[in-house]
Amino acid sequence: MIDQTAAWGALAAHAEQARRVHLRERFASEPERQARFTRSAAGLTLDLSKQRWSEETLALLLALAEEAGLPDAIRRLLAGERVNVSEDRPALHTALRLPESASLTVEGEDLVPGVHDTLARMETMVERFHTGQWRGATGRAIRHVVNLGVGGSDLGPLMVTHALSDYRLRDVHRVEVHFASTMDGSQLADCLARLDPETTLFVLSSKSFTTIDTLSNARTARDWLMSRLEDEEGVDAELVMRQHFIGVSASPEKMAEWGIAPDHQLAFWEWVGGRYSLWGGIGLPIALVVGMQGFRELLAGAHALDEHFRTAPLADNLPVLLALAGIWNVNFLDIRAHSILPYDGRLEYFAAYLEQLEMESNGKSVTADGREVGYATCPVLWGQLGPNAQHAFYQLLHQGTQAVECDFIAPLRRYDEVADDATRRHLKGQHRLTLANCFAQSRVLMLGDDAIDDEGPRPGHKRYRGNQPSTTLLLDELTPATLGALIALYEHKVYVQATLWGINPFDQWGVELGKQIAGETQRILEERRGLESMDASTRALIEAAWAADGNGGRGV
């Protein structure tokens, strides 16, 4: 295992000395530090100078990466080899963003034509919506699309459509996109209360087409449409299903069984994990907002980062460096919390997206070959918009007892496109204020009291210890291309860390177990049989639900 290697031992010995050096000392003694730990690619600039490491640390981490076989692991991922060992298949989300001129033959099949066939089918659908030609069962043009998914089928499209709201198409038939994921129906109920069934269409996004959360919402949506449209003249159930539903799944048979017309289905491949899936048919809501040209720019930005990941030396490779900083913090400085702090309101859902990407991928305690690890893997990931978080949990970052690694993310330019001069000046002033806060917060986390220019000793309750590690990630501008590169950066970071930890980032058996147990519990709730197999706490909770239901335990 990796912790038994000479490279790991050298890092552990080095950490004993390195953890005693404060970041303020490093900056005071290393005038070239910022330049030495900053790299750029694909419209992104990664400043790792505020990490608690030195050039020696990085050299030792790069040696660990070589020991773990990282260069070959990168090749194997991008070549379509079976890196998802527990499910015995490749993990080829990167294939979804290959240009049409490319070729990627995996086990005798060139995947690129099939990927671009799906993109062409998406484009046809999007054009029908944007020209007002997709009409509901009564003949009125669809104006609202509700995405029904959960996990990667929800978080990815939700995050990207919000992040690219400035790129919403203005000169087309306007289609509003909504998202409903919660199995309790609360989000869907809110949509249904506001929308007109005649002009509403639902996208069912589920890789397996068996996800209970999504299918439960889908049945509610179907019943809502049928109860309101079937009485209309010339409308029957088949017409409603055809005109008001699109399916995205790896199971065309199950979509057809459910009633979704074959030409209203988009392909999902088994070699793409849900949390890596926004680049294909799952991204239909994104294309509805920004158009297919904007969607293709998103893919191109991700592909540019893929090529950087493929070709850049490890010492200059953005995903590798970002991953190694995390390994250093988690495994050698014992920092087990990681906060994602975007300084741009459009990235409101980015932290939630990364929570799934990282913790579902690397929240593992067993290696790919089945051995229990003896070291920490994925940290607890959390965060929110930085300007809001400053008034919420930054107190803990600055003066709490927990060490937390932070990623500060911001675009350098914004509001250049605003036409009115006075409004543009005001908005650009607000953007400068936001950047000032972003840069100041990482500075104080690094320097502590030394960042404050005042005289005399500070009382204990006003002291800042500093030495909190952080990364600053700057986008030239938040565009479809740079957002694509940003997402791909974190995808590859996850893979690099998984490679070093020896775990498989492409399965999620803990999630599957939860689904299985939930299904068993649901049957007990509904049938009132099998209660004796439950533990005392769960028995009491089920009995409380039966009592509240008031109908003998049926239909809870």
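Helix H19 gives the most to the lining of the largest pocket, with 10 residues. This is a predicted model. Its chain averages a pLDDT of 93, and 98% of the residues score at least 70.

**The largest pocket**

The volume is about 1200 Å³. A total of 46 residues line this pocket. Nearest its centre lie Val150, Thr211, Val511, Glu512 and Lys515. By class, the lining has 19 polar, 16 nonpolar and 11 charged residues.

**The second largest pocket**

This pocket holds about 400 Å³ of space. Ala368, Ala498, Thr499, Gly502 and Ile503 are the closest to its centre, out of 23 lining residues. Helix H5 (70–79) and helix H18 (480–501) each supply at least two residues of the lining. H18 has the largest share, five residues. The lining divides into 14 nonpolar, five polar and four charged residues.

| Pocket | Volume | Lining residues | Top helix in the lining |
|---|---|---|---|
| Largest pocket | about 1200 Å³ | 46 residues | H19, 10 residues |
| Second largest pocket | about 400 Å³ | 23 residues | H18, five residues |

**Where to take care**

Over residues 552–556, pLDDT stays under 50. For these residues the model has 14 contacts beyond four places in sequence. Where pLDDT is low, the predicted coordinates should not be read in detail.

Terms used:
Residues numbered from 1 in each chain as written. Predicted model: local features only at pLDDT ≥ 70, side-chain atom pairs only at ≥ 80, totals over all residues. Heavy atoms only, no water. pLDDT = per-residue confidence, 0-100. Contact = heavy atoms within 4.5 Å. 1 Å grid on protein atoms, 1.4 Å probe; cavity = no way out; pocket = protein on both sides within 12 Å on 5 of 7 lines; lining within 4 Å. Points joined across faces, edges and corners; volume = space filled by probe spheres on them. Helix = DSSP H or I, 4+ residues; strand = E, 2+ residues; numbered from the N terminus. Nonpolar A, V, L, I, M, F, W, Y, C, P; charged D, E, K, R; others polar.
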